[in-house]
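Student: I have a structure open and want to go through some local features. Can you take questions as they come?
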Amino acid sequence: MLTRKREEVAGEVEDLQKKTRTADQGLANDNHAMTRRAPEIDEDLHSRQLAVYGRETMKRLFGSNILVSGLNGLGAEIAKNLVLAGVKSVTLHDDNNVDLWDLSSNFFLSEKDVGQNRAQACVQKLQELNNAVIISTITGDLTKEQLSIFQAVVFTDISLEKAVEFDNYCHNHRPPIAFIKSEVRGLFGSVFCDFGPEFTVLDVDGEEPHTGIVASISNDNPALVSCVDDERLEFQDGDLIVFSEVHGTTELNDGKPRKIKNARPYSFSLEEDTTSYGTYIRGGIVTQVKPPKILKFKPLKEAIKEPGEFLMSDFSKLHHPPLLHLAFQALDKFRSDLKRFPIAGSTDDVQRLIDFVVSINETLGDRKLEELDKKLLNHFASGSRAVLNPMAAMFGGVVGQEVVKACSGKFHPLYQFFYFDSVESLPVEPLKPNELKPENSRYDAQISVFGSKLQKKLEQAKIFMVGSGALGCEFLKNLALMGISCRQNGKLTVTDDDVIEKSNLSRQFLFRDWNIGQPKSTVAATAAMAINPKLHVQALQNRASPETENVFNDAFWENLDAVINALDNVTARMYIDSRCVYFQKPLLESGTLGAKCNTQMVIPHLTENYGASRDPPEKQAPMCTVHSFPHNIDHCLTWSRSEFEGLLEKTPTEVNAFLSNPSGYATAARTAGDAQARDQLERVIECLDREKCESFQDCITWARLKFEDYFSSRVKQLTFTFPEDAMTSSGVPFWSAPKRFPRPLEFSTSDPSQLNFILAASILRAETFGIPIPDWAKSPMKLAEAVDKVIVPDFQPKQGVKIVTDEKATSLSSASIDDAAVIEELIANLEAISKALPPGFNMKPIQFEKDDDTNYHMDVIAGFANMRARNYSIPEVDKLKAKFIAGRIIPAIATSTAMATGLVCLELYKVLTDGHKVEDYRNTFANLAIPLFSMAEPVPPKTIKHQDMAWTVWDRWTITGNITLRELLDWLKEKGLNAYSISCGTSLLYNSMFPRHKERLDKKVVDVAKEVAKMEVPSYRRHLDVVVACEDDDDNDVDIPLVSIYFR
């Protein structure tokens, strides 16, 4: 994993475990061991996390020592997330031993661990997640002095009295130690954070600073700044911004942050008098400044009495947080007095806890609650001993992220109390006390909350999970702990066609480095069975798509209880959604993006489906902008990736296509006969003739001439065609914002970035021709000598060159009337050139692979992009940032993934219980960076009404019998619907406008489908689906459900 010898790490861990085995042993040696190293960031492993946090935050994490006290399910989840994040050390403290109840939520434990110390039982499996993190244990009583070596301490099961003592020590320590107290009690959870008297938040939200391109600046008081309407401004009143590159009003280029007001989509005002400033001429970039924020935390002793505003998650439960603030205090008092938790289902214990709540409430004076929801307190007390896996997963994500904030200053901390509940996950019917009694099983904690009937349903469930990556690993762990599909008649089917890569290991925690290259679904399923050996899981490597409907056939879908998506692309989500709608199966959908996550419940007949609402498509930069007028680094990297693929993948592939079948290739080019076919032939000829490489020196020559072409000659031609003072036909300067006037580059072997580009491009060019790389190539001095040998022709500008400036253009190729004649000539040239090639010659196309830093792919792409950025005076980026953008890397961290899956599994309880209404379900959007939790009931499906009928997307009309088209039309006519078009798949079976279609009216629908649509209904399917377009008697279109004809 991280680039550190495993033996060295293992030795340190063993030493630390010996030193901290009991609490009465000193911690001086631990402190020394924990502070002795600062490893380099393994970018292959942590690339997705780096995309969220950045290097500085990662470095701070790598220097952080964390204590996690209380290795119940919540403690295990927090520790897992921190080890995956790559902190320096995690010390586990617990003086309790493993019991059966722990197996409901701590995935590190198994039945053989019962009786062992919880912290020690977790060490080995936790260490497997990341060998670079030092993991140690403390198993006795903890003293406050022992906290001094940590940057953050987390307690998941501590008395309020002890918590106040420890927090007071941490709050007053210099520097302060971040203190976090979190609990999961049944379907209720809490978090308290204290990061000290003054905590500096370096980046409140983790978002890139907003920018705008200036179009004009007025000489007024206040000044009005207008920006180009290329993209809407994201500024808000009060934001601070800085100017750069302004021509004319140069006084604004002083780097001083300025406050804005009257923010509009394309303009804003400055709180500044610019009447005496220079007159605006052109140019200018405006960039948001994100100042640090200072937070003053109260210690727990004060905050418990004056909690301030609670962080809300569900505005339908406004009265819950104040009551839960009291309930958690009352539970602490209950445990302190009775030395136990309330017994599930005990009315006496519920009343005791309510009495404690009443007693605490009476002391609050003005803050006293007028009403106490005794039903809520009943649920709280009854399930309070249980640590449920979904709750632990959710809060493990929340708390893990708070630790990262405490150690790095990245993102806004939770300030200071957060309470959450999911009481709507309980069965609709009240549970009887005997249903909650323990059964001496690993599910006893869950049974104490949900009862034995629901537990049986969970174990018998038939679930289809699509995907087993980051979300999938978390889901499999959760499902195994919940007991899903753990009886003989239960079944969990998981499918994923992907294999494990190194970059997966920082989040997809069921995988190890020795699994790299193996199928994700198989490895993940095996790991899940190790968590719960009774799990009945089938792992497949099929992509769920129309092509695999013979595998995931009707019988498969009809047998399911629910579907869980663990996907990373919209296309697959849309397909699974359509299948769930068709077969009327609940779909539990979720996704993450960095610190953000969302969940959506798709419940038959209750909610809208996933495809009912879509995000707007991402705005694409016009082709002419990318190719000739870039104004940001994204444009440069988009162009760079396109050139990489054209030069090193597409052209070599075309060469091989020609060489493998010259006559067929020529015929295809003649048939196409367009500018694109002409360009393709020209590129193949260029590759095999003028730019053919036979030695590594040839490859260097190719790379050097490409540099000259891209970054000098093309720029000179562009500025020759459009000089700096050029005007448009409407009299406006051609080089107005957002266009940036480019300058050609002059190549120099003394510029390391230019020489590195030549090296990387030469190596990849050699790879495509199968030319070995000489040892001297990686010597900068010898490489420079080889580059200096290249003869670079002088540039001569050409008259009449057409450069595409139309933003709506979709192709840079210009058609001509003689394309066909030119293609004939090119084919003849190509055939002549191919005769000179050695027998068996072919090329080796290179497919872009972003996650291998030794393959030179990103060196070429970053080099291409940065040289182009230099042309246009655009800030350059390092290779890592280039990888994020060009590699289209989705930022991802373990914490938001864990939270999303925990929330989904809370919904799964509802799905597998009968009787829940739409208002019981929750869709969630959360952003752990801010932090923000927004939960709301799902949107119901759109209802279509016609006469006395009503239907939604979930409805399907069925007809039994092998009917004719006429009989189908008559059946619809009886419903007051006039069908004018009937289709099956992509084929039209009937349309009233076509006279010949009337000949089909007395044919069976299934026969017409077979004849016209070539539709052979598989033997396992009893019906045929047709889409019918209808009108009512007033000629208004009526969108009717899919019609299924059961002809067998």
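Student: Helix α23, residues 752-769: what span should its 18 residues have, and how far apart are its end C-alpha atoms?
Tutor: This is a predicted model. At 1.5 Å a residue, α23 should span 26 Å, and its end C-alpha atoms are 26 Å apart, which agrees.
Student: How many of its 18 residues are buried?
Tutor: In α23, 14 of the 18 are buried, so the helix is mostly covered.
Student: What follows α23?
Tutor: Glycine 770 does, with a positive phi near 70 degrees.
Student: Change of topic. How many disulfides does a search of the whole structure find?
Tutor: The search returns zero. Cysteine 193, for one, is in no disulfide, and its nearest cysteine sulfur, that of cysteine 407, is 12 Å away. Cysteine 193 is buried, at 0% relative accessible area.
Student: Salt bridges next. How many does the structure hold?
Tutor: There are 64. One of them joins aspartate 42 to lysine 502, with the closest N and O atoms 2.8 Å apart. That pair links distant parts of the chain, 460 residues apart: aspartate 42 is in the loop between α2 and α3, and lysine 502 in the loop between β17 and α15.
Student: Is aspartate 42 buried or exposed?
Tutor: Aspartate 42 counts as buried, at 5% relative accessibility. Lysine 502 counts as partly exposed, at 29%.
Student: What does arginine 48 meet in a salt bridge?
Tutor: Its partner is aspartate 851, at 2.8 Å from N to O. Arginine 48 lies in helix α3 and aspartate 851 in the loop between α25 and α26, so the pair ties together parts 803 residues apart in sequence. Arginine 48 is buried at 11% relative accessibility, and aspartate 851 is buried at 13%.
Student: And which residue forms a salt bridge with glutamate 207?
Tutor: Lysine 596, again with closest N and O atoms 2.8 Å apart. Glutamate 207 sits in the loop between β7 and β8 and lysine 596 in strand β21, so parts 389 residues apart in sequence are tied together. Glutamate 207 is partly exposed at 32% relative accessibility, and lysine 596 is partly exposed at 24%.
Student: Which residues are linked in a network of salt bridges?
Tutor: Asp157, Lys181, Glu183, Arg185 and Arg335.
Student: Now arginine 258. Where is that?
Tutor: Arginine 258 is in strand β11, residues 258-261. At 4% relative accessibility it counts as buried.
Student: What does its side chain make a polar contact with?
Tutor: The side chain of arginine 258 contacts that of glutamate 272 at 2.5 Å. A polar atom of the arginine 258 side chain also lies 3.2 Å from the backbone oxygen of lysine 256.
Student: Last one, the surface. Which residues form a nonpolar patch there?
Tutor: Phe925, Ile930 and Leu932, with about 230 Å² of accessible area together. Leucine 932 is in strand β23, residues 932-936, and is partly exposed, with a relative accessible area of 34%.

Terms used. Residues numbered from 1 in each chain as written. Predicted model: local features only at pLDDT ≥ 70, side-chain atom pairs only at ≥ 80, totals over all residues. Heavy atoms only, no water. Patch = residues over 30% accessible without salt bridge, like charges linked within 9 Å, V, L, I, M, F, W, Y side chains within 5 Å. Areas by Shrake-Rupley, 256 points an atom, 1.4 Å probe, with all protein chains shown as cover. Salt bridge = Lys/Arg side-chain N within 4 Å of Asp/Glu carboxyl O. Helix = DSSP H or I, 4+ residues; strand = E, 2+ residues; numbered from the N terminus. Buried < 20%, exposed > 50% of the residue type's maximum accessible area, 1.4 Å probe, protein only. Expected span 1.5 Å × (residues − 1). Disulfide = S-S within 2.5 Å. Polar contact = N/O pair within 3.5 Å; in protein donor to acceptor, adjacent residues only side chain to side chain.
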